[in-house]
Amino acid sequence: MKCFRCQNQDPYLFYFDQGVYYCRKCIMFSRIDANTPVKKVTLKRKTISIQPHLKYELTPKQKEASTKVCQFLQEGKDVFLYACTGAGKTEITLESICLYLSKGKKVCFSISRRQVVLEIKERLQKIFPTLQIVAVAQGYTDIWDGDLIVCTMHQLYRYPYAFDLLILDEVDAFPYIGNDVLKEIANASCIGQKLYLSATPDPSLLKNVEIVTLFQRPHGHPLLIPKVICLPVFLQFMVLLYYLKKWKNKQSLIFVPTIQDTHILHFFLSFFISNKAIHSQITQKDQIIEDFHQKKFQCLISTTLLERGITIPDVCVLVFKGNHSVFNVSSLIQIFGRVGRSFLDPIGKGVILCDTQNESIKNCIKQLKQMNADA
Amino acid sequence: MRYTKRIYQKLYQTIKTDERRCLICNACWPENLWDSSLICTNCQDQLIVHRKAYYYRNTWIYVLYEYNEFLERLLFRFKDQKDIALYPVFLNSYHHLFQSIGKKHILCVMCSSEESRMKRGFEPNVLILQSYKVYSPLYKKNNIKQSSNPHRENIHQVIDRKKLYALPHQKILLFDDVCTTGNTIERGMDLLQPDVVFLLSAHPLWIERMSMEKQKRF
């Protein structure tokens with residue numbers, strides 16, 4: 001007995017109903033019977049010759065990485081683009097996207113989080129104004145075919161055997177990492193090559209792929225090495241406030257480990273600074289992020305929800321209770337990757353507040369220093 | 001068909017391991033934990049047990065869970081994604097409570113529309129109460145889903161009682177899985193005059209509305 005969508009063969013994960021067994025492992029993507037082949041989805045295929053409209057030119061290192069990626073893909077190999085945060089991973093994929101579209105092939109850009117899907121869609125739409133780019137995510141599922149598809153990884157179940165180039169961003173993060181079902185669904189949706197992107201790859205992801213690295217940001221400045229301040233929690237509140245007052249001319253992102261902490265900090269800071277809290281259970285996330293982009297308030301308190309993919313120019317970052325187990329190495333690297341992306345403030349500011357320096361904090365700083373050395 | 005099913009199930013038993021796993025998340029059961037529950041502690045923690053009854057319109061309405069995102073997803077998986085293996089998890093370890101409330105009653109369930117029933121291949125409320133004798137004396141005239149209906153108060157035009165459906169002359173316990181605004185269950189109460197109502201889950205806003213009524217724990 002086998003599920004042809006998630007490749008499940010564990011008898012425990014099948015259940016008998018109405019004369020057939022169905023797979024319970026991938027049931028969240030709709031019910032599929034055991035031993036039933038998944039039907040190929042039919043999408044429009046057009047040959048599109050297009051060039052990206054960028055306001056800036058790619059740096060020589062970005063161009064080199066982009067050419068290498070294209071070469072490997074043309075050789076039919078899967079590629080892993082291992083680049084530091086803010087190195088311009090999305091821009092490096094543009095040449096490959098154009099190449100595939102010019103051959104009438106289907107391309108999909110898949111990302112783990114919904115907010116990032118919407119942001120990348122906007123960015124790509126500005127770069128390719130004539131392309132019909134569709135975002136497919138929760139709440140955006142009415143139109144799901146276009147010249148270029150940007151979707152969450154969960155939405156890939158809609159596209160069995162559909163894509164010639166599947167770009168998977170942030171593959172080291174939840175929900176892709178360690179999720180066999182998503183991995184199989186991504187595999188099933190791709191009939192050509194896969195291009196993985198990450199700043200903090202898991203060693204298991206680097207097997208059977210060609211690796212292209214880039215550890216230099218476009219402005220050429222090194223990555224920020226955050227300042228670590230060890231304090232009891234009640235003093236962390238005071239130091240946090242001190243830094244927010246010190247950086248009052250800039251917007252700040254505060255990362256906290258739990259939803260409850262967002263409420264506590266929001267209450268505490270509302271006496272001093274304009275702020276809002278965001279976490280997975282808030283319904284008007286898009287509006288809050290939009291307001292933050294428009295600088296309607298100074299400080300945004302977030303769980304790890306915003307650790308990846310979000311680009312806010314000229315932002316300072318603080319991590320509260322930084323030694324909490326939620327903040328692992330890749331999470332911290334991603335968080336401080338939000339800093340120093342702007343050409344106006346290429347260095348930025350970042351602080352980790354913690355009880356004690358744990359292994360994650362030490363390794364984060366070690367890896368950031370290593371990336372700066374390799375750049 | 002019955003024999004084919006038996007053969008299938010015999011074959012299945014030969015390959016299926018007899019380890020216990022959580023019916024929701026499929027996590028393996030900890031070796032040192034003996035528990036008759038069907039779901040792991042992690043999934044149990046995500047269900048908000050309410051266990052309160054409200055005296056409303058001369059009827060006690062028993063509410064087992066508070067409706068939350070987890071339960072919403074679980075019911076979606078059960079009803080819309082047709083994961084019928086989940087049917088025992090809803091009453092799970094509260095069967096004894098349900099039995100004590102409805103021991104002198106006949107069990108009637110709120111209905112689904114014919115279209116939903118055809119699409120699903122089962123009636124969710126009947127399946128949840130599979131181990132009991134259940135009656136379904138109501139029907140929906142059309143396929144309006146209450147959660148997406150902007151005119152929820154017009155439910156009396158949608159749900160009606162079946163004409164040729166006799167019920168034993170006993171007190172009625174009316175069962176429904178979700179109560180959001182209360183319109184559906186009130187329509188059921190109008191039609192059947194139940195002695196008690198048992199709701200698997202109720203929306204926090206409905207619970208808040210009921211907070212002014214007489215209430216008890218069960």
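Trainee: In this predicted model, at what angle do helix α1 and helix α2 of chain A pack?

Mentor: Two packed helices are described by the angle between their axes and the distance between the axes. For α1 (residues 60-74) and α2 (residues 89-102) of chain A, the axes lie 7 Å apart, and α1(A) passes α2(A) in a right-handed crossing. The angle at which the two helices pack is about 35 degrees.

Trainee: How many nonpolar, polar and charged residues does the contact of α1(A) with α2(A) have?

Mentor: On the side of α1(A), the contact is made by Gln62(A), Ala65(A), Ser66(A), Thr67(A), Val69(A), Cys70(A), Leu73(A) and Gln74(A). Helix α2(A) contributes Ile92(A), Glu95(A), Ser96(A), Leu99(A) and Tyr100(A). Sorted by class, these residues of the contact come to seven nonpolar, five polar and one charged.

Trainee: Which strands are at the edges of the open sheet of seven strands in chain A?

Mentor: The order of this sheet is β5-β6-β4-β7-β8-β3-β9, with parallel pairing, and the twist averages 20 degrees from one strand to the next.

Trainee: What is the bridge partner of Leu165(A) in β8(A)?

Mentor: Strand β7 (residues 163-169) and strand β8 (residues 190-198) of chain A run parallel and are joined by six bridges. Within β8(A), the residue bridged to Leu165(A) is Gln193(A).

Trainee: What angle does the direction of α2(A) make with that of β7(A)?

Mentor: Helix α2(A) packs on the sheet, where it touches β3 (79-83), β4 (107-111), β6 (148-152), β7, β8 and β9 of chain A. Taken against β7(A), the direction of the helix makes an angle of about 175 degrees.

Trainee: Why is helix α7 of chain B described as largely enclosed by the rest of the structure?

Mentor: Buried here means under 20% relative accessible area. The residues of α7(B) in that class are Thr184(B), Ile185(B), Glu186(B), Arg187(B), Gly188(B), Met189(B), Leu191(B) and Leu192(B). Helix α7 (residues 183-192) of chain B is therefore largely enclosed, as its buried residues number eight of the ten.

Trainee: Which residues of chain A lose the most area to chain B?

Mentor: The interface brings 20 residues of chain A into contact with 24 residues of chain B, and the two chains bury about 1,900 Å² between them, 55% of it on carbon and sulfur atoms. On the side of chain A, three residues together account for 35% of what that side buries, namely Tyr12(A), Phe16(A) and Arg24(A).

Trainee: Is Ala162(A) buried or exposed?

Mentor: Ala162(A) is found in the loop between β6 and β7 of chain A, and beyond its sequence neighbours up to four places away it touches Val41(A), Leu43(A), Arg45(A), Lys106(A) and Ser189(A). Its relative accessible area is 3%, and the cut-off for the buried class is under 20%, so Ala162(A) is buried.

Definitions and conventions:
Residues numbered from 1 in each chain as written. Chains lettered and ligands numbered in written order. Predicted model: local features only at pLDDT ≥ 70, side-chain atom pairs only at ≥ 80, totals over all residues. Heavy atoms only, no water. Axes fitted to C-alpha atoms, helices over the stretch in contact; angles between N-to-C directions. Helix = DSSP H or I, 4+ residues; strand = E, 2+ residues; numbered from the N terminus. Left-handed = near helix turned anticlockwise from the far one by under 90°. Contact = heavy atoms within 4.5 Å. Nonpolar A, V, L, I, M, F, W, Y, C, P; charged D, E, K, R; others polar. Pairing = 2+ DSSP bridges. Buried < 20%, exposed > 50% of the residue type's maximum accessible area, 1.4 Å probe, protein only. Buried area = accessible area lost by both parts, 1.4 Å probe.
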